[in-house]
Amino acid sequence: MKVAIFHNLPSGGAKRALYTFTKSLTKSGHTVEVFVPSTADENYLPLENLVSQVNVFDVRRTISGTISSTLRYFPLRIPADLEKVERNIADTINRQDFDVVLCEQDRYTYSPFFLKYIKKPTIYYCQQPARSQELRNLARNELFPRPQSLRERSMQNCFDRRLLKTDKRNASFANHILTNSYFSRESILRSYGLNSFVSYLGVDTDIFKPLNIPKENFVLSVGSLAPRKGFDFIISSLGTIDARIRPRLIIVSNVVDSHLKNALEQFAQRIGVDLRMESSIANDALVALYNKAQLVLYAPYLEPFGLVPLEAMACGTPIVAVKEGGVRESVIHNKTGVLTERDPHMFAHAVTELLSHKEKIRDMSQKAIKCTEDYWTAEKAGKRLMWHLNRVVDGH
């Protein structure tokens with residue numbers, strides 16, 4: 001099968017998921033070619049290492065595009081010029097002999113303009129609908145306060161409304177939508193009024209695997225440095241644990257927001273949590289941390305699915321997670337980890353209970369590895385995706 005892939009993703013979990021899908025497709029003997037606007041992050045996990053060709057289309061800010069964006073999309077900053085480039089990409093693919101197109105999301109508009117113009121059989125893999133305002137409201141607290149000025153709040157509300165409208169309209173052109181969890185499927189139905197199918201992600205067990213190295217006295221949390229990832233909740237929870245048994249916390253993120261980093265570090269220092277923060281580390285170093293950690297702590301707000309639990313399980317490290325969003329579909333309570341309410345004391349109790357029962361951690365570790373091998377490998381995720389690609393091609 002000849003597959004075209006489109007994306008305009010930043011670094012992070014969605015790009016890692018796409019990288020894993022692409023690797024699975026090429027390992028299965030399919031010909032894959034990638035098409036991206038220049039705004040896509042192809043430095044993080046570059047797809048050129050896997051595919052026959054990566055085609056980059058330059059996005060230039062033009063005067064006409066700025067005027068058009070102001071009239072049609074204000075206050076979104078780039079859409080008109082971006083739409084022109086994505087139309088050009090779609091036209092290029094339409095003229096070639098691809099059997100099917102795998103379309104990923106857009107870092108600026110969530111559902112990409114590309115969907116309006118592509119004519120080939122296409123699957124849109126929608127990680128989540130736009131929900132910036134919802135997540136900001138959920139994560140807002142003393143560390144991340146509401147904008148103070150009326151102008152800032154008005155601009156933010158205007159941005160959110162425009163983004164939701166643009167995302168929903170672009171999504172309306174998708175005939176076949178896949179997503180990462182049943183939680184996300186319900187979000188898509190609420191946001192777009194469109195049906196979708198769940199095709200679960202997987203983890204590359206050639207990379208994320210047990211190293212059989214000694215555990216160390218720390219717990220780990222991984223994710224982009226954003227309020228919605230709930231790192232402040234994790235720090236607050238650890239702060240309720242007796243200082244004599246309180247573990248050190250290491251947070252690993254792909255990019256650094258210096259304001260948020262400083263806020264978290266000051267908060268941890270104020271409540272006596274020993275915190276170390278790392279950013280943009282290599283896969284080998286990340287896998288080593290997963291293996292050395294006693295536990296992986298996970299508390300994002302309404303995460304659509306989340307690769308972090310799969311990566312931890314593949315390395316044999318149990319999860320303690322807040323039971324909301326897609327994590328309820330990957331972590332098996334009291335088997336591969338523990339799911340708790342979003343309450344600092346309950347979360348801390350789950351952490352201390354596991355840390356005080358090393359045999360339970362060892363048992364969960366073995367079950368997590370087995371569960372990953374049975375269902376969450378990249379190979380199995382690739383087969384799930386291929387079933388849908390074949391379904392769309394056959395139906396077309």
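Author: Two strands count as paired if DSSP finds at least two bridges between them. Strands (E, at least two residues) and helices (H or I, at least four) are DSSP runs, numbered from the N terminus. The model is predicted, so local features need pLDDT of at least 70 and side-chain atom pairs pLDDT 80 or more, whereas totals for chains, interfaces and linings use all residues. Residues are numbered from 1 along each chain as its sequence is written, and side-chain values use heavy atoms, without hydrogens and water.

Reader: Why are strand β2 and β3 called paired?

Author: Strand β2 (residues 31-37) and β3 share 5 bridges, and the criterion is at least two, so they pair, in the parallel sense. Pro 37 has Phe 57 in β3 as its bridge partner.

Reader: What makes β3 and β7 edge strands?

Author: The open sheet has 7 strands in the order β3-β2-β1-β4-β5-β6-β7, with parallel pairing. β3 (53-57) and β7 (197-198) each pair on one side only.

Reader: Why is strand β9 described as largely enclosed?

Author: Buried means under 20% relative accessible area, exposed over 50%, and partly exposed in between (1.4 Å probe, protein chains only). In strand β9 (residues 248-253), 5 of the 6 residues are buried, so the rest of the structure largely encloses this strand.

Reader: Which strands pair with β9?

Author: Strand β8 (residues 218-222) is joined to β9 by 5 bridges and runs parallel to β9. Strand β10 (residues 275-279) also pairs with β9 in the parallel sense, over 5 bridges. Ile 250 stands opposite Leu 220 and opposite Arg 276 in β10.
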